[in-house]
Amino acid sequence: MLQIGDEVVYFSAVFLLVMLATRSATGASLLTAFLYVFIVMFRFPPVPADQAGRVLRPRAPSGGVPVVAHRGGSQDAPENTLAAIREASRNGATGVELDLSFTADGVAVLMHDDTVDRTTNGSGPVSKLQFAQLKRLDAAARHRLKDKFSGEKVPTLQEAVEECVRHQLTIFFDVKGQPDKAASVLHEMYKKFPVLYNSSIVSSFEPKVIYKMRQTDPGVVTALTHRPWRLSRFSDGTPRSLSTGGQMWMGVLDVLLDWAHHHILWKLCGVSAILVQKDFISLDYVQYWAERGVEVVGWTVNTAVEKDYYQNLLKIGYVTDSLLEDCDTHY
């Protein structure tokens with residue numbers, strides 16, 4: 001729960017910044033009051049703590065922390081496939097993270113990229129391919145274990161959900177866009193499989209996706225995904241902009257977005273967790289969110305040393321590309 005002291009500090013900061021920018025105490029007061037009323041009126045309360053706990057703290061093997069297989073465990077099997085889900089279960093994962101996408105004819109499928117080029121023997125944007133075309137592709141074609149998993153298909157969302165329910169795995173639905181369509185499809189899944197309310201979570205980098213999901217179905221556990229400097233730098237740390245001015249501007253937006261995530265957006269959306277890139281998580285950071293009733297999950301944790309740090313020091317769940325060996329991060 002947000003502390004009263006937090007609210008005083010946050011809205012005082014907003015008031016001071018607006019007053020410095022406008023040189024008008026009246027204008028700053030009105031804008032700050034409007035922001036406060038807006039958040040109070042339109043925010044969603046988080047789901048009950050016990051429900052969130054069942055999703056985010058399922059019973060892990062040997063009493064350890066929850067371990068979520070990234071895209072089903074993209075090092076151990078072709079990502080976002082039924083084979084990956086089965087391998088994750090066999091290898092001891094408590095859950096799987098799966099990426100939601102849509103074909104040209106509106107079928108919800110699992111795919112991380114905008115195109116099928118990297119993971120299949122096909123080419124082209126997912127959104128331009130009919131599901132019948134997608135079904136003919138080999139989802140293992142470019143995987144390091146392609147011989148073992150040859151012929152694996154791109155599954156529909158429902159096929160993946162059924163497989164996860166069968167193996168009693170927690171699902172982290174990762175949604176990258178199309179908030180209206182994603183919320184509608186996921187809501188249908190939750191109605192068809194009510195067990196999902198206590199065994200899945202919807203996450204996204206985009207606050208509008210999470211807000212729309214809570215608006216469509218307030219009973220769904222949700223999370224914001226966050227990586228500091230995401231607007232100005234790619235996942236591997238290289239700058240997005242070639243110009244100095246462009247990079248500086250994106251850096252300013254990154255600072256504002258980071259502040260908004262930690263002070264406004266989480267409360268507005270009523271999230272139960274925040275999924276954060278592993279290099280930015282510390283004991284103090286975990287405690288900061290714990291005081292607000294929000295669970296921290298780290299991604300992507302791929303070495304034995306990192307896993308030991310999460311398991312024994314941070315004592316929080318993490319997302320990994322492999323449950324069997326150290327590996328490089330799969331962006």
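**Overall dimensions and packing**

Modeller: This is a predicted model. A compact globule of 331 residues would have a radius of gyration near 20 Å, and the protein chain has 21 Å, which agrees. Along the principal axes, its C-alpha atoms fill a box of roughly 70 × 45 × 40 Å.

Colleague: How many helices and strands does the protein chain have?

Modeller: The secondary structure comes to 11 helices and nine strands. Of contacts between residues at least 6 apart in sequence, 60% join residues at least 24 apart. Buried residues, those under 20% relative accessible area, make up 50% of the chain.

Colleague: Which residues have the most contacts inside the largest nonpolar core?

Modeller: That core has 52 residues, and those with the most contacts inside it are Leu157, Phe173, Leu186, Val202 and Ile281. Its largest share, five residues, comes from α7. A second, separate core of 14 residues includes Val68, Phe172, Val221 and Val297.

Colleague: What is Leu186 in contact with, leaving aside its neighbours within four places in sequence?

Modeller: Leu186 is in contact with Leu100, Leu157, Phe173, Val175, Val202 and Met213.

Colleague: At roughly what angle do the axes of α6 and α7 cross?

Modeller: The axes of α6 (residues 157-166) and α7 (residues 179-192) cross at roughly 40 degrees and come within 11 Å. The crossing is right-handed. Leu157, Gln158 and Val161 in α6 meet Val185, Leu186, Met189 and Lys192 in α7. By class, this contact has five nonpolar residues, one polar and one charged.

Technical notes: Residues are numbered from 1 along each chain as its sequence is written. This is a predicted model: local features need pLDDT of at least 70, side-chain atom pairs count only at pLDDT 80 or more; totals for chains, interfaces and linings use all residues. Side-chain values use heavy atoms; hydrogens and water are left out. Axes are lines fitted to C-alpha atoms, for helices over the stretch in contact, and angles run from 0 to 180 degrees between N-to-C directions. Helices (H or I, at least four residues) and strands (E, at least two) are DSSP runs, numbered from the N terminus. A crossing is left-handed if the near helix is turned anticlockwise from the far one by less than a right angle, and right-handed if clockwise. Contact means heavy atoms within 4.5 Å. Ala, Val, Leu, Ile, Met, Phe, Trp, Tyr, Cys and Pro count as nonpolar, Asp, Glu, Lys and Arg as charged, and the others, Gly among them, as polar. A nonpolar core is a set of buried Ala, Val, Leu, Ile, Met, Phe, Trp, Tyr and Cys residues joined through side-chain atoms within 4.5 Å. Buried means under 20% relative accessible area, exposed over 50%, partly exposed in between (1.4 Å probe, protein chains only). The radius of gyration is taken over C-alpha atoms; the globule rule is 2.2 Å times the number of residues to the power 0.38.
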